[in-house]
Amino acid sequence: MEKVLSEYDSTRCQGLVKNNPCMNVAQPGSNYCALCDPEHQPKKVLKNYLLGKAQDQARLSELSTNEEIKSLREEIALTRMLIQKRLDVVKTDTDLIMACSSINALLLTVDRLVNSTHKIEQSLGELLERDTVVRIANYLVQCLIKHLENVPNVNEIIDAVLVDFNKASTKPLLPPPT
Ligand SMILES: [Zn+2]
């Protein structure tokens, strides 16, 4: 790959290599060389780079733990981080104009991912996760104990409720017990 001689060469790639300016010549019509171009980098490399940063990990940990949509949410978060990183290098109006098409493409990607996530969430019928179900069951038992403490056979009642609850929680859309 063709190299620039100076860091201040205007044809230099705007990418970073191990936190130093990339010294490759940018591709025609791009701010990046083929190796740094965010739109052409393999997703895995990009993902590892972004995940390597503590702040990014913290943001990812806020994501839903639902496995079905976790990867999509990660893609959304990563794409948003990428937009932020692209905006971070914008210093002038000219930079902003140069950045517009790639930012626009990234925004469209976020939009597409958000729509896919919504569709999957809808098709899942917003199923509760197993540990959420367990937490609800625990809460339910505490409420029953509190409100039924003077009722005879309270333990048997709670056991029976939990049996029904367990059956319901393993079968989505089961009608309430009659
Ligand atoms: Zn480069």
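This is a predicted model: local features need pLDDT of at least 70, side-chain atom pairs count only at pLDDT 80 or more; totals for chains, interfaces and linings use all residues.

User: Is N19 buried or exposed, and why?

Analyst: N19 counts as exposed because it has 5 C-beta neighbours inside 10 Å. N19 sits in the loop between β1 and β2. K18 belongs to that loop as well, and K18 is likewise exposed, with 5 C-beta neighbours inside 10 Å.

User: What is the phi of K18, and what is the phi of N19?

Analyst: For K18, phi is near 50 degrees, a positive value in a residue other than glycine. For N19, phi is near 70 degrees, again positive in a non-glycine residue.

User: Where is M23 found, and which residues does M23 touch beyond those up to four places away in sequence?

Analyst: Two residues are in contact if their C-beta atoms lie within 7 Å. M23 lies in the loop between β2 (20-21) and α1 (43-51). Leaving aside residues up to four places away in sequence, M23 touches K3, V4 and R12. M23 is partly exposed because 18 other C-beta atoms lie within 10 Å.

User: What is the pattern of the protein along the sequence, and what percentage of its residues count as buried?

Analyst: The pattern is β-β-α-α-α-α-α-α, with six helices and two strands. Of the 178 residues, 8% count as buried.

How values were computed. Residues are numbered from 1 along each chain as its sequence is written. Helices (H or I, at least four residues) and strands (E, at least two) are DSSP runs, numbered from the N terminus. A residue is buried if 20 or more other C-beta atoms lie within 10 Å of its own, exposed if 12 or fewer, and partly exposed in between; C-beta atoms are placed from the backbone.
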